[in-house]
Amino acid sequence: MLFMKGTPQEPRCGFSKQMVEILHKHNIQFSSFDIFSDEEVRQGLKTYSNWPTYPQLYVSGELIGGLDIIKELEASEELDTICPKAPKLEERLKVLTNKASVMLFMKGNKQEAKCGFSKQILEILNTTGVEYETFDILEDEEVRQGLKAYSNWPTYPQLYVKGELVGGLDIVKELKENGELLPILRGEN
C-alpha cells in the first residue's frame, strides 16, 4: 500500500511521482491512498508509523519506508524480494476466467449493461437460473485488450465456463435455441 500525495495516475508531488515510477518499473503490484483525501489519516499515519513524510510504502501492513529507503532497496536489488510482483497478464486472465464457474466479460455489470450485446446476453443468462459473475472490461484496458488475444475472440461479451471460452452473444443465442446452453453452463459437457 502506497500512501502518497495524489494518485498513481496524477501524483501531486515529485517524491510521490518518483515512488510510483520505481514501483511501475519493477512491475510491483500496489494499491494507493491519497493522503490529501483524508486529513485525519494524513496526520495520524505520521504518528502511527513514526515517519514524518510522504510517500510511505507498506508491505503486508509493515512500513518499508519513504522514497530514500525505496531508492536504496532498488540500488541493492532488495526491492524485488520485498514487494509482491504484479502477476503476468496471461496468469491474471487465467485467474479471472476461472473466478467463477460461469464468468461473463462484458461492457458494464449485472446491474447495468453498457452496450446492447451485453444487455442481451445478461437477459439470456438471467433466464437460466445459473449463478454467474461478471467482469466490466471498460474498467480495465489491459484485460479488455489482453483477453481478445488470450481467447482468440475479438469482441465482447465473452462467456466462460470453468475457464473455457463458450463464445459471444451469437453462440450463446444459438446454444439457447438448441437447448444446449443450460447443460454447458452447468458444466455437464
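1. Contact here means heavy atoms within 4.5 Å. The model is predicted: local features need pLDDT of at least 70 and side-chain atom pairs count only at pLDDT 80 or more, whereas totals for chains, interfaces and linings use all residues. Residues are numbered from 1 along each chain as its sequence is written, and side-chain values use heavy atoms, with hydrogens and water left out. Helices (H or I, at least four residues) and strands (E, at least two) are DSSP runs numbered from the N terminus.

2. The first point concerns a helix pair. In α5, the residues L89, E90, R92, L93, K94, L96 and T97 meet E142, V143, G146, L147 and Y150 of α7. By class, this contact of α5 with α7 comprises six nonpolar, two polar and four charged residues (Ala, Val, Leu, Ile, Met, Phe, Trp, Tyr, Cys and Pro count as nonpolar, Asp, Glu, Lys and Arg as charged, and the others, Gly among them, as polar).

3. Two packed helices are described by the angle between their axes and the distance between the axes. For α5 (residues 89-97) and α7 (residues 141-151) the angle is about 85° and the axes lie 10 Å apart. Helix α5 is therefore roughly perpendicular to α7 (65 to 115 degrees; angles under 35 degrees count as roughly parallel, over 145 as roughly antiparallel and the rest as oblique). Axes are lines fitted to C-alpha atoms, for helices over the stretch in contact, and angles run from 0 to 180 degrees between N-to-C directions.

4. T97 belongs to helix α5. Its relative accessibility is 0%, so T97 counts as buried (under 20% relative accessible area, with exposed over 50% and partly exposed in between, for a 1.4 Å probe and protein chains only). Not counting residues up to four places away in sequence, T97 touches M103, F105, L147, Y150, Y160 and G163.

5. An open sheet of four strands has the order β6-β5-β7-β8, with mixed pairing. Its edge strands, β6 (133-136) and β8 (164-167), each pair on one side only. Neighbouring strands are turned against each other by 30° on average, direction ignored. Two strands pair if DSSP finds at least two bridges between them. Helix α7 lies across β5 (102-106), β6, β7 and β8, and runs at about 60° to β7.

6. Which strands does β5 pair with in the parallel and in the antiparallel sense? The pairing of β5 with β6 is parallel, over four bridges, while that of β5 with β7 is antiparallel, also over four bridges. M103 stands opposite E133 in β6 and opposite Y160 in β7; F105 has F135 of β6 as its bridge partner. Strand β7 (residues 158-161) is joined to β8 by three bridges and the two run antiparallel; here L159 has G167 in β8 as its bridge partner.

7. Are the residues of β5 buried or exposed? Five of its five residues are buried. V102, L104 and M106 point one way from the strand, M103 and F105 the other way. In a regular strand the side chains alternate between the two faces of the sheet.

8. Strand β5, helix α6 (residues 116-128) and β6 make up a right-handed β-α-β unit (with the strands pointing away from the viewer, the path from the first strand over the helix to the second runs clockwise). T134 is located in β6 and is buried, at a relative accessible area of 17%. Leaving aside its neighbours within four places in sequence, T134 is in contact with M103, L104, M106, N109, K110 and L122.

9. A further open sheet of four strands has the order β2-β1-β3-β4, and its pairing is mixed. The edges are β2 (32-34) and β4 (62-65), each of which pairs on one side only. The twist from one strand to the next averages 25°. Three bridges link β3 (residues 56-59) to β4 in an antiparallel arrangement, in which Y58 stands opposite L63 of β4. Helix α2 (residues 39-49) packs on this sheet and touches β1 (2-4), β2, β3 and β4, its direction making about 65° with that of β3. Helix α3 (residues 67-75) also packs on the sheet, touching β3 and β4, and its direction makes about 75° with that of β4.
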